[in-house]
Amino acid sequence: MHRRSAAVAGVLVLLLAGVMLLSACVGQTYIAPDEVWRVLRGHGGPYELIVGELRVPRIVLGAMVGAALGLSGALVQTVTRNPLASPDVIGVGHGAAAATVLALATGTVASPGALPAVSVAGGLAAAALVYVLAWRHGMQPSRFVLTGVGIGVALSAVVQLYLTESELAAAEQVKLWLTGSLNGRGWEQAGPLGWVLLLSLPALVWASRALRPLGLDSDTAAALGVRVHRTQLALTVLGVVLAATATGAAGPIGFIALTAPQLARRLTRTPQLPLIASALTGAVVLVTADLAARALMPPLEIPVGALTALVGGPYLLWLLSGPRGQGRSPAP
């Protein structure tokens, strides 16, 4: 590993641990760190319900969702060679939203617990559709991104039509999910995402090696013996699976997959997007955003997706106005 990348990763791990501890302490009821530590060690106490059942599962889920989105963003941006690309751009979030509202509208899903699986399937199906439509004797990154934008607009229209025609209670439920929130979520949602991250580790080890030659132009990468199209497809599938599972767990939380890889790259100063730093940056950003969403306007909890969009919008404008805002990532 790059020496600076290792140092940055170590700092991010400490920062993530500190933010997670602060998030466990802060809320409508402040709990001292020693009491939090006591609950974590399994010694119980008067705050066992608040810490062990409400805050800790939510914090762990937020860290895993942020890590998955950071990894997914790094993979997609490397494949498309575009710092403005993210899983949302290629239709993952829109596909998950459309599948969810269609399942609710048709009565296919009666139990709310089945909605995450439906959203994962929708995200994967949308990304597959984008890939098929964008394929022309190979995958051109610009065509891939533009096709994803078009599919996303069409799927957004489906969601808006449902919100217009549905009952008020059902529309409110969908609108809350579309915003992206960790409120009321815990181990039930964290379990499947944790298994996906664990099972993805071997693929991520391979991806960290594949990203280096793929950062070069296609002809140079092919001359080095890289099967460019197969590698691009494999990295895209891995990124889409991570993003779709994270979306199924917490709803479509925007801008984490877009910003985390670029922030990690600026911290590590590496030519390619660093996967470990991207995952840790995504986790830190999302846990911090959720803490702010809970603490800014108590007892009201702002959906974390609304807060990340509020912060991510100005970041996107800054990225567009900078020297790297031309839609192309510089080659290493």
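**Reading helix packing and burial**

H8 and H11 are roughly antiparallel to each other, where an angle over 145 degrees counts as roughly antiparallel. This is a predicted model, in which local features need pLDDT of at least 70 and side-chain atom pairs count only at pLDDT 80 or more. Residues are numbered from 1 along each chain, and side-chain values use heavy atoms, without hydrogens and water.

Me: How do the axes of H8 and H11 cross, and within what distance do they come?

Reply: Two packed helices are described by the angle and the distance between their axes. The axes of H8 (residues 187-199) and H11 (residues 228-250) cross at roughly 170 degrees and come within 9 Å. Axes are lines fitted to C-alpha atoms over the stretch in contact, with angles from 0 to 180 degrees between N-to-C directions; helices are DSSP runs (H or I) of at least four residues, numbered from the N terminus.

Me: Which residues of H8 and H11 make the contact?

Reply: Contact means heavy atoms within 4.5 Å. H8 supplies Gln-189, Pro-192, Leu-193, Val-196 and Leu-197, and H11 supplies Val-241, Leu-242, Thr-245, Ala-246 and Ala-249.

Me: Is Gln-77 buried or exposed?

Reply: Buried means under 20% relative accessible area (1.4 Å probe, protein chains only). Gln-77 is buried, at 2%, and lies in helix H3 (residues 48-80). Its side chain reaches the backbone oxygen of Leu-258 at 3.2 Å.

Me: How many residues of H13 are buried?

Reply: In H13, 16 of the 21 residues are buried, so the helix is largely enclosed by the rest of the structure.

Note on methods
Helices (H or I, at least four residues) and strands (E, at least two) are DSSP runs, numbered from the N terminus. Angles under 35 degrees count as roughly parallel, over 145 as roughly antiparallel, 65 to 115 as roughly perpendicular and the rest as oblique. Buried means under 20% relative accessible area, exposed over 50%, partly exposed in between (1.4 Å probe, protein chains only). A polar contact is a pair of N or O atoms within 3.5 Å; within protein, one must be able to donate a hydrogen and the other to accept it, and residues adjacent in sequence count only if both atoms are side-chain atoms.
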